[in-house]
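Dear colleague,

I am passing the structure below on to you, together with notes on what was found in it. Please read the notes with the coordinates open beside them.

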Amino acid sequence: VGWEMGISDSRRTEAPRCEYFADLAHAVSQFVDLEHESFEVGFADLAGFGEFNSLQGQEAGDEVLGAFAEVLQVALPACRVIRDGGDEFLVLGPPRRVGLGSDLERFRQSWPSTFRSRFGEDLPIVAPRFTMTSVAGGELREARARLGVRIGELKVQPVGPDGSLDIVPSA
């Protein structure tokens, strides 16, 4: 199963789109060796993005989406950052990799300075809200659905400029 396959969402980011995740999850579930391997999966959305996009315009919003995906992918080179849609992203670690929670924590703490250096001191920071879990490869699609629901629940909670991280125990 190759990490490099998939169609990128080149209009806004260079990240592969959600179809890539669906295809990869299906492929993993077809290989017995991978179906039972542990995978860490993260789900992210950008708190404040809708307001930012409305006030600054779609072009500026697209720049934020692209910067977020690019910087996150550079920060997590062993993982794959995937555009789920809108301002939501998936982060998929390779089999048996551990430490995604720590990596996301470091990323979110550094994001405010990265955002300011790219977009200026005067704009409100669009903060990453992460949730993550660890699952067997055969459960990747279900994990994405669970994490998506959890992100929805977290959207009612305010976040600071460095966002938040929520770790969901394995099901």
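Helix 5 bends by about 40 degrees at Trp 111, and Pro 112 is a proline that follows within four residues; the bend at a residue is the angle between axes fitted to the seven residues ending there and the seven starting there. Helices (H or I, at least four residues) and strands (E, at least two) are DSSP runs, numbered from the N terminus. This is a predicted model, in which local features need pLDDT of at least 70 and side-chain atom pairs count only at pLDDT 80 or more, while totals for chains, interfaces and linings use all residues. Residues are numbered from 1 along each chain as its sequence is written, and side-chain values use heavy atoms, with hydrogens and water left out.

Helix 5 covers residues 100-119, which is 20 residues, and its first and last C-alpha atoms lie 27 Å apart, close to the 28 Å expected at 1.5 Å a residue; that expected span is 1.5 Å times one less than the number of residues. Gly 120 comes after helix 5 and has a positive phi, near 100 degrees. The buried residues of helix 5 include Leu 104, Phe 107, Trp 111, Pro 112, Phe 115 and Phe 119, and among them are also Asp 103 and Arg 108, where buried means under 20% relative accessible area, exposed over 50%, and partly exposed in between (1.4 Å probe, protein chains only). These buried residues pack against strand 1 (38-47), helix 3 (49-56), helix 4 (58-75), strand 3 (88-92), strand 4 (127-136) and strand 5 (164-167), with contact taken as heavy atoms within 4.5 Å.

On the core: the largest nonpolar core has 27 residues, and those with the most contacts inside it are Leu 46, Val 64, Phe 68, Leu 72, Phe 89 and Phe 115. Strand 1, helix 3, helix 4, strand 3, helix 5 and strand 4 are the elements that give two or more residues to this core, and helix 4 supplies the largest share, 7 residues. A second, separate core of 17 residues includes Leu 90, Ala 143, Leu 147 and Ile 151. A nonpolar core here is a set of buried Ala, Val, Leu, Ile, Met, Phe, Trp, Tyr and Cys residues joined through side-chain atoms within 4.5 Å. In soluble globular proteins, nonpolar side chains tend to be buried together.

Not counting residues up to four places away in sequence, Leu 46 touches Val 64, Leu 65, Phe 68, Asp 87, Phe 89, Val 126, Ala 127 and Pro 128. Leu 65 and Gly 86 are 21 residues apart in sequence, and their C-alpha atoms are 8.9 Å apart in space.

For the chain as a whole, there are 6 helices and 5 strands, which follow the pattern α-α-β-α-α-β-β-α-β-α-β along the sequence. A compact globule of 171 residues would have a radius of gyration near 16 Å, and the 15 Å of the chain agrees with this; the radius is taken over C-alpha atoms, and the globule rule is 2.2 Å times the number of residues to the power 0.38. The C-alpha trace spans about 50 × 30 × 25 Å along its principal axes, and buried residues make up 47% of the 171 residues. Of the contacts with a separation of 6 or more, 69% are between residues 24 or more positions apart.

A search of the whole structure finds 0 disulfides, a disulfide being a pair of cysteine sulfur atoms within 2.5 Å. For Cys 18, the nearest cysteine sulfur is that of Cys 79, 19 Å away. Cys 18 counts as partly exposed at 31% relative accessibility, whereas Cys 79 is buried, with a relative accessible area of 4%.

Two further residues deserve a note. Arg 96 has a positive phi of about 70 degrees although it is not a glycine; Arg 96 lies in the loop between strand 3 and helix 5 and counts as exposed at 63% relative accessibility. Ser 29, in helix 1 (residues 18-30), counts as buried at 15% relative accessibility, and, leaving aside neighbours within four places in sequence, Ser 29 is in contact with Glu 35, Gly 138 and Arg 141.

With best regards
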